[in-house]
Amino acid sequence: MTYPQSGPDPTRPQPPVSGVPRLYPPVSAVPGPYPPASGLPGPYPPVSAVPYQPGGYPPAGQRIAVQAPLTSGMATASLVLGILGVLGGWCLFGLPCILAVILGHVALAETRDGRRSGHGMAVAGLVLGYVFVGPMIAFTVMVFFGSVVGAG
């Protein structure tokens, strides 16, 4: 269902606007600053007959290649084990969390002097390990004592 719209019909052509003064002449009546183009342009002469002479800039300096410090493998392992401990450490009785804490401390010592990068990964592995090592140990103790008490 369509509702009638007020205003002119968009499908019919509109009458020309009259009574509005033109501020500018039509584009075709404005003469251009250049003569009209006639035919294709011919070949252009060379800009300079003298070959290019370098001399405005000093010669390039010697390039020095600097290698970024290697990432600590212990920091990477700490972060990976911390993530594994968060995702499924309860299945492994908190072992990834404990390893993440140990490797995180080793990686902190390794990255302290700046010869190796990965300090942030080591800290992240330590945080993940410490946050989840307590609950994992408690879960392991409950499973162990639950099976011992349940068997007796």
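Q: Why is alanine 77 called partly exposed?
A: Buried means under 20% relative accessible area, exposed means over 50%, and partly exposed lies in between (1.4 Å probe, protein chains only). Alanine 77 has a relative accessibility of 25%, so this residue counts as partly exposed. The model is a predicted one, in which local features need pLDDT of at least 70 and side-chain atom pairs count only at pLDDT 80 or more, while totals for chains, interfaces and linings use all residues. Residues are numbered from 1 along each chain as its sequence is written, and side-chain values use heavy atoms, with hydrogens and water left out.

Q: Why are α1 and α2 called roughly antiparallel?
A: Helix α1 (residues 73–88) and helix α2 (residues 95–111) pack at an angle of about 155 degrees, and their axes are 8 Å apart. Axes are lines fitted to C-alpha atoms, for helices over the stretch in contact, and angles run from 0 to 180 degrees between N-to-C directions. Angles under 35 degrees count as roughly parallel, over 145 as roughly antiparallel, 65 to 115 as roughly perpendicular and the rest as oblique. The pair α1 and α2 is therefore roughly antiparallel.

Q: Which residues make the contact between α1 and α2?
A: Contact means heavy atoms within 4.5 Å. On α1 the contributors include Ala77, Ser78 and Leu81, and on α2 they include Ala100, Leu103 and Gly104.

Q: What makes serine 78 buried or exposed?
A: The relative accessible area of serine 78 is 0%, so the residue is buried. Serine 78 is part of helix α1. Not counting residues up to four places away in sequence, serine 78 touches Ala100, Leu103, Gly104, Ala122, Gly125 and Leu126.

Q: How do you know whether valine 86 is buried, partly exposed or exposed?
A: Valine 86 has 31% relative accessibility and therefore counts as partly exposed. This residue also lies in helix α1. With neighbours within four places in sequence left aside, valine 86 is in contact with Leu128 and Phe132. Valine 86 and glycine 129 are 43 residues apart in sequence, and 8.1 Å apart in space from C-alpha to C-alpha.

Q: Why is tyrosine 130 called partly exposed?
A: Tyrosine 130 has a relative accessible area of 48%, so this residue is partly exposed. Tyrosine 130 is located in helix α3 (residues 119–151). Residues up to four places away in sequence being excluded, tyrosine 130 touches Val101 and His105.

Q: What makes phenylalanine 144 and phenylalanine 145 an aromatic pair, and of which kind?
A: Rings of Phe, Tyr and Trp (its six-membered ring) pair if their centres lie within 6.5 Å; planes under 30 degrees apart count as stacked, over 60 as edge-to-face and the rest as tilted. A search of the whole structure finds 1 aromatic pair. In this pair, phenylalanine 144 and phenylalanine 145 are 5.5 Å apart centre to centre, with 65 degrees between the planes, and the pair is edge-to-face.

Key:
Helix = DSSP H or I, 4+ residues; strand = E, 2+ residues; numbered from the N terminus.
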